[in-house]
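Please open the model in your viewer and keep the selection panel at hand. We will go from stop to stop, picking residues and looking at what surrounds them.

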Amino acid sequence: MTPRRVLVTGGAGFVGSALARRARTAWPESDVTAFDNLRRRGSELNLARLRAAGVHFVHGDIRSPADLAPLGRDLDLLLECSAEPSVLAGYDGDPSYVIDTNLVGTIHCLELARRAGAALVFLSTSRVYPIEALNAIRTEDGPTRVTIAAAQDLPGVSASGIDEDFPLTGVRSIYGATKLASELLIAEYRAAFGLRTLINRCGVIAGPWQMGKVDQGVFSLWMARHLSGGALTYNGWGGTGTQVRDLLHVDDLADLVQVQVERLEALDGALFNVGGGLACSLSLRETTALCEAISGRRIVITPQPEMRVADVKLYVTDNRRVTAATGWAPGRTAEQILRDLHDWMQTHADALRTAGL
């Protein structure tokens with residue numbers, strides 16, 4: 001499809017703003033609106049970029065149907081990027097915001113799409129997979145990282161990483177549960193109302209304009225601390241820093257979503273694991289070495305051997321299903337991603353400081 005009117009929820013966020021700007025360049029005749037509550041620190045910095053790209057901005061909250069309702073007129077594509085993205089969200093004793101945003105907000109989006117007859121592309125997360133099962137993946141210790149062992153007891157895991165057949169039974173974090181519940185409701189709306197849908201279970205996404213925090217955006221955080229100073233720790237797993245994540249450049253994700261939207265009639269109902277894959281993965285120790293080489297600076301990193309809630313030793317995406325369906329594969333390397341982060345932070349250092357980042 002070539003959409004005429006696009007709504008991007010979470011549209012001033014890191015991923016949402018990238019997809020909103022891509023929608024304007026990919027489909028220049030389309031009307032694109034970014035909708036965001038600007039709760040996350042730094043999202044206000046994206047407003048000028050959206051405006052320059054010709055994206056309309058509407059300030060509102062996905063938790064409020066009244067805020068969303070005026071945006072449904074003539075809508076034919078909803079890119080659902082809104083979320084409280086922290087895996088630790090809700091563990092402070094009050095899970096209301098993460099549940100209301102990530103689950104109730106999804107329901108509001110589904111209702112908007114149903115009434116408008118719009119297609120919905122939903123950004124989910126690899127955190128739908130249970131913590132205990134992920135940590136039961138057999139690994140081997142190497143000098144700088146853990147690797148996936150050849151012999152495995154669980155389905156959906158291989159040398160290529162974790163695919164869509166990985167088990168879903170178990171506890172996954174409040175954040176992960178809200179995203180999995182959203183996926184289930186999306187499937188029900190598709191079956192009940194003929195809603196056209198597509199779901200991407202994304203691993204770690206990284207790149208310029210990501211405001212990294214301790215609990216979300218680890219690669220951005222790592223580079224920021226190397227540039228501006230501050231404490232970093234190797235948490236859990238003995239404090240060795242050998243735990244591994246793959247990382248996907250936000251522009252690679254935008255490339256994929258563009259292809260998916262344009263082929264949505266053929267891909268309707270699909271669900272994909274999406275990430276950087278094994279070729280674009282790093283341990284924290286390897287990330288430190290790259291940050292030191294790129295920035296020319298070294299900081300002290302303290303081992304914290306104790307486990308934190310929801311810690312996972314390894315997550316690497318097996319992209320074979322999405323590649324087979326779309327022809328897409330990640331194009332940027334881990335080093336390119338970190339260099340892009342470095343260059344962006346250097347170029348926009350004053351604005352980031354002004355925003356308290």
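Start by selecting Arg 320 and Asp 318: their side chains form a salt bridge with an N to O distance of 2.7 Å. A salt bridge here is a side-chain nitrogen of Lys or Arg within 4 Å of a carboxyl oxygen of Asp or Glu. Is Asp 318 buried or exposed? Asp 318 counts as buried, at 3% relative accessibility. The cut-offs are under 20% relative accessible area for buried and over 50% for exposed, with partly exposed in between (1.4 Å probe, protein chains only).

Before you move on, a word about what you are viewing. This is a predicted model, in which local features need pLDDT of at least 70 and side-chain atom pairs count only at pLDDT 80 or more, while totals for chains, interfaces and linings use all residues. Residues are numbered from 1 along each chain as its sequence is written, and side-chain values use heavy atoms, with hydrogens and water left out.

Zoom in on Asp 255 and Arg 22, where the closest N and O atoms are 2.8 Å apart. Asp 255 sits in helix α8 (residues 250–262) and Arg 22 in helix α1 (residues 14–26), so this pair ties together parts that are 233 residues apart in sequence. Helices (H or I, at least four residues) and strands (E, at least two) are DSSP runs, numbered from the N terminus. Asp 255 is partly exposed, with a relative accessible area of 27%.

Now select Arg 196 and Glu 265, another salt bridge, at 3.4 Å from N to O. Arg 196 is in the loop between α6 (174–193) and β10 (197–202), and Glu 265 is in helix α9 (residues 264–267), so look for two distant parts of the chain, 69 residues apart. Arg 196 is partly exposed at 22% relative accessible area, whereas Glu 265 counts as exposed at 53%. A search of the whole structure finds 20 salt bridges.

Trp 209 has a positive phi of about 75° although it is not a glycine. Look for Trp 209 in the loop between β11 (204–206) and α7 (218–228); Trp 209 is buried, with a relative accessible area of 16%. Trp 237 also has a positive phi, near 55°, and is not a glycine. Trp 237 lies in the loop between β12 (232–235) and β13 (244–249) and is partly exposed, at 24% relative accessible area.

Then go to Ser 30, in the loop between α1 and β2 (31–36). Which residues does Ser 30 touch, not counting those up to four places away in sequence? They are Pro 3, Arg 4, Val 6 and Arg 24, where contact means heavy atoms within 4.5 Å. Ser 30 is buried, with a relative accessible area of 5%.

Finally, zoom out and switch to a cartoon view. The secondary structure comes to 13 helices and 17 strands. Along its principal axes the C-alpha trace spans about 55 × 50 × 40 Å. Buried residues make up 53% of the 357 residues. Among contacts between residues at least 6 apart in sequence, 83% join residues at least 24 apart.
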